Every structure is written in C-alpha cells, then in structure tokens.
Amino acid sequence: MASKGKGKGGNTVAAVTAIAEPIAEQLGLKIWDIRFVKEGASWILRIFIDKEGGVSIDDCVEMSHAINKPLDEADPIEQSYCLEVSSPGTDRELTRPAHFDSYIGADIIVRLFRPIETGERELHCKLIAHDSEGITVETDERQLMLSRKDYTWVRLNDSKII
C-alpha cells in the first residue's frame, strides 16, 4: 500500500510530518518515517520514531499523547484513522536518503521485484553507496548496482545488529 494519502490541503504524510517533527524534537526524538495506509476497511497513520540508544514504550506513549491534540486541531486527514506510534525496529526499512547515508557499510536485505540471474529475490548484502537512481551493494561474489525500480524494499539485516 502506498505510504502517501491525500487529505485536506494536499499530501497527508507531508502535513503530518510538519506537525510531528517539531513535537518529536521537543521530546528528544527523531521522526524515522510516517505512513498513511489502508488495511482492510481501516486507515492507519503510523509514525515511526527513533532516538540515540533506542526507543522505549514510554517514548511511543509520550509521542502519541503529544501529537493527538495538534493532529485534531490541524485536521490534516479527512477520514477516520487509527494512530500508531512505534520504533522502526532493528530491521528498519531504509526509505529516505538520510537513512541510506546513515547505514553505508551496513549489512542489509534487499527484496527484488524479479529474481536476478541466480534466481534470488532477496539479497543479503552490504550497502556500499546510494543516489537518487538506486543503490550499490556488495555480495560475497560481486558488487551490484540496483535501480530503484529493481527492488521493493531495503531493510537493515537485524541479525547483524547487537
């Protein structure tokens, strides 16, 4: 499901981001990602928060309480929705340029739309570089340049994180 929804005044994710980032900063948090998705009959607004040393349940509760009233007042979402605030987890998905910048050299998993010549649809590799066109990864055998249209997602390989 797409992570962008349309609401009053334009892009829902952009509107929520503008509200959420200053609140997160006041709480000593960073916004990792925001997604507005439809699951079944319900709309879900997911706000992923992060901070140095990791996110606790208390951080999620505090962010949820702090953002409720500003979201209600700004009313950037036309339909009813459920708000979820959570950590991106150790297997976090890399979606923004800053995410990729932070994890150059990290072990990642890349899910491909179509198998590569070896028949693999999931690559366990190392992130070497990225740009607006895609990513460069290194497997045991070689380096590959993958266009953004070649993969569905990129996640940290949580089995490598301590």
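What percentage of the 162 residues of the chain count as buried? The figure is 38%, where buried means under 20% relative accessible area, exposed means over 50%, and partly exposed lies in between, using a 1.4 Å probe and protein chains only. Keep in mind that this is a predicted model, in which local features need pLDDT of at least 70, side-chain atom pairs count only at pLDDT 80 or more, and totals for chains, interfaces and linings use all residues. Residues are numbered from 1 along each chain as its sequence is written, and side-chain values use heavy atoms, with hydrogens and water left out.

Let us begin with the overall layout. The chain contains three helices and 10 strands, which are DSSP runs numbered from the N terminus (helices are H or I with at least four residues, strands are E with at least two). The C-alpha trace spans about 55 × 35 × 25 Å along its principal axes. Take the contacts between residues at least 6 apart in sequence: 54% of them join residues at least 24 apart, with contact meaning heavy atoms within 4.5 Å.

Now look inside. A nonpolar core is a set of buried Ala, Val, Leu, Ile, Met, Phe, Trp, Tyr and Cys residues joined through side-chain atoms within 4.5 Å. The largest one here has 20 residues, and those with the most contacts inside it include Ile31, Ile47, Ile49 and Met63. Two or more residues of this core come from each of helix H1 (12-26), strand E3 (30-39), strand E4 (42-50), helix H2 (57-74) and strand E5 (82-86). H1 gives the largest share, six residues. To see one member up close, find Ile31: beyond its neighbours within four places in sequence, its contacts include Ala20, Ala24, Ile47, Ile49, Met63 and Arg96. There is also a second, separate core of 19 residues, with Ile108, Cys125, Leu144 and Leu156 among them.

Strand E3 also holds Val37. Why does Val37 count as buried? Because its relative accessibility is 7%. Val37 and Tyr81 are 44 residues apart in sequence, yet their C-alpha atoms are 9.4 Å apart in space.

Finally, visit the loop between H2 and E5, where you will find Asp75. Asp75 counts as partly exposed because its relative accessibility is 34%. Its backbone is worth a look too: phi of Asp75 is near 50°, a positive value in a residue other than glycine. Most residues other than glycine have a negative phi.
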